[in-house]
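Here's a quick briefing to read alongside the model. Have the sequence and the 3D view open as you go.

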Amino acid sequence: MQRPADQLRRVAAVAGKEVRQLRRDRLTFGMIIGVPLLQILLFGYAINFDVRDIRTGVVDYANTSESRRLVSAAEATQIAKVVRIASSPSELESLLEVGDIDLAIVIPHDFDRRVADRRPAAQLLINGSDPTLEGIARRLAQMPFGDDAAPIVRVFEARTYYNPERRTALQIVPALTGVILHLTMVLFTAIAIVRERERGNLELLITTPVRTVELMVGKILPYVVIGLIQASIVLLVGAWLFDVVVRGSVFDFYLASLAFIMASLVLGLLISTIARTQFQAFQLMVFTFLPSMLLSGFMFPFDGMPRVAQWLGELLPLTHFVRLARGIVVRGASIGDLGTDVGALLAFFIVFLVVAVLRFHKRLD
């Protein structure tokens with residue numbers, strides 16, 4: 001019969017071996033510290049439901065001291081931040097469609113008379129594609145305005161664009177395409193080169209005339225088709241179960257998806273040149289997935305994040321695809337209207353591909 005002391009020694013020996021292995025595996029050791037630090041910083045600092053400084057456009061037909069005081073009062077609430085002065089409501093609607101603003105204030109010519117009559121004196125146009133943002137913007141509709149003796153409780157008449165029913169599915173489904181594509185595309189390609197190394201297939205590649213760029217492109221081409229199939233599945237299921245139809249061009253949506261798929265695939269290739277094992281590749285994928293999901297505007301309003309978090313979010317491909325997907329599907333924008341985000345995805349693709357090619361060496365060591 002085995003003695004408990006012998007069993008404990010064997011358990012301690014195995015545990016000691018595992019600790020030494022973890023100590024030699026610098027990537028895993030770094031993830032042990034990095035993942036909790038990343039999550040506490042993201043959730044504690046970057047994620048903020050108290051959205052402030054919503055990008056706002058203004059049309060002021062009255063141009064009086066009272067109308068200017070209304071705009072100042074709206075900014076004083078810290079909900080609105082005026083970033084554009086437009087010449088007409090149609091210009092404001094165009095800015096809402098392309099995502100340059102999320103809130104618009106239209107002040108009519110007879111604003112002062114409406115104020116004197118104690119009735120709604122201005123119009124508030126709200127981008128309703130994000131229900132959380134829309135709910136916060138509607139606080140302005142209850143903003144007091146007037147003299148101290150008889151303040152007007154409801155100076156604004158609010159109008160919600162794109163999602164008047166405030167359906168969460170309209171916000172989630174288009175952006176969910178990007179989350180799914182990021183998770184699968186990065187994971188598939190992150191283990192591609194690592195798997196070749198672990199199985200010894202790099203020995204065969206050494207004897208072939210295949211160049212590094214050709215190897216990289218050949219690795220990602222099949223997954224481009226898979227990614228487009230996944231995007232189609234999300235669109236079909238979204239339309240069938242959640243009544244989320246594409247208001248813009250379906251072709252534009254596929255072009256945006258293609259740009260994001262390519263950026264995600266080469267990010268996975270870059271990870272595969274860093275990781276030495278498939279487990280490490282999976283760890284690095286998770287390490288990039290968490291900030292992408294939390295800082296892209298998929299789950300939390302982008303405008304509610306601190307400025308530093310927004311800068312970091314701009315460095316993530318998913319942030320730009322979320323804007324593209326919601327712009328095309330929900331607001332009916334064209335891909336030309338959202339050219340900045342398309343250009344960002346193409347830039348990510350080029351940079352990641354160049355770095356991955358430079359890091360990859362077609363040799364066993």
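Let's start with a helix pair: the axes of α7 and helix α12 (residues 278-295) come within 9 Å and cross at roughly 160°. That makes α7 roughly antiparallel to α12, a label for angles over 145 degrees, where under 35 is roughly parallel, 65 to 115 roughly perpendicular and the rest oblique. Keep in mind that this is a predicted model, in which local features need pLDDT of at least 70 and side-chain atom pairs count only at pLDDT 80 or more, while totals for chains, interfaces and linings use all residues. Residues are numbered from 1 along each chain as its sequence is written, and side-chain values use heavy atoms, leaving out hydrogens and water.

**More on α7 and α12**
- The α7 side of the contact consists of Val179, His182, Leu183, Val186, Leu187 and Ala190, and the α12 side of Ala281, Phe282, Met285, Thr288, Phe289 and Ser292 (contact means heavy atoms within 4.5 Å).
- By class, that contact has nine nonpolar, three polar and no charged residues (Ala, Val, Leu, Ile, Met, Phe, Trp, Tyr, Cys and Pro count as nonpolar, Asp, Glu, Lys and Arg as charged, and the others, Gly among them, as polar).
- Axes here are lines fitted to C-alpha atoms, for helices over the stretch in contact, with angles running from 0 to 180 degrees between N-to-C directions.

**α7 and α14**
- Helix α7 (residues 168-190) also packs against helix α14 (residues 317-329), at an angle of about 140° and with the axes 8 Å apart.
- α7 and α14 are therefore oblique to each other.
- From α7, the contact takes in Gln171, Pro174, Ala175, Thr177, Gly178 and Val179; from α14, Leu318, Phe321, Val322, Ala325, Arg326 and Val329.
- Eight nonpolar, three polar and one charged residue make up the contact of α7 with α14.
- This crossing is right-handed.

**Ala344**
- Ala344 sits in helix α15 (residues 339-359).
- Ala344 is buried, at a relative accessible area of 17% (buried means under 20%, exposed over 50%, partly exposed in between, with a 1.4 Å probe and protein chains only).
- From Ala344 to Phe321 it's 23 residues in sequence and 9.5 Å in space, C-alpha to C-alpha.

**Positive phi**
- Most residues other than glycine have a negative phi.
- Asn63 isn't a glycine, yet has a positive phi of about 55°; look for Asn63 in the loop between β1 (54-60) and α3 (65-76).
- Asn63 counts as exposed, at 52% relative accessibility.
- Tyr162 has a positive phi too, near 75°, and lies in the loop between β5 (156-161) and α7.
- Tyr162 is buried, with a relative accessible area of 14%.

**Val83**
- Val83 belongs to strand β2 (residues 80-85) and is partly exposed, with a relative accessible area of 39%.
- Val83 and Thr56 are 27 residues apart along the chain, with their C-alpha atoms separated by 5.7 Å.
- Setting aside neighbours within four places in sequence, Val83 touches Arg55, Thr56 and Ile101.

**The whole protein**
- 48% of the 365 residues count as buried.

Key. Helix = DSSP H or I, 4+ residues; strand = E, 2+ residues; numbered from the N terminus. Left-handed = near helix turned anticlockwise from the far one by under 90°.
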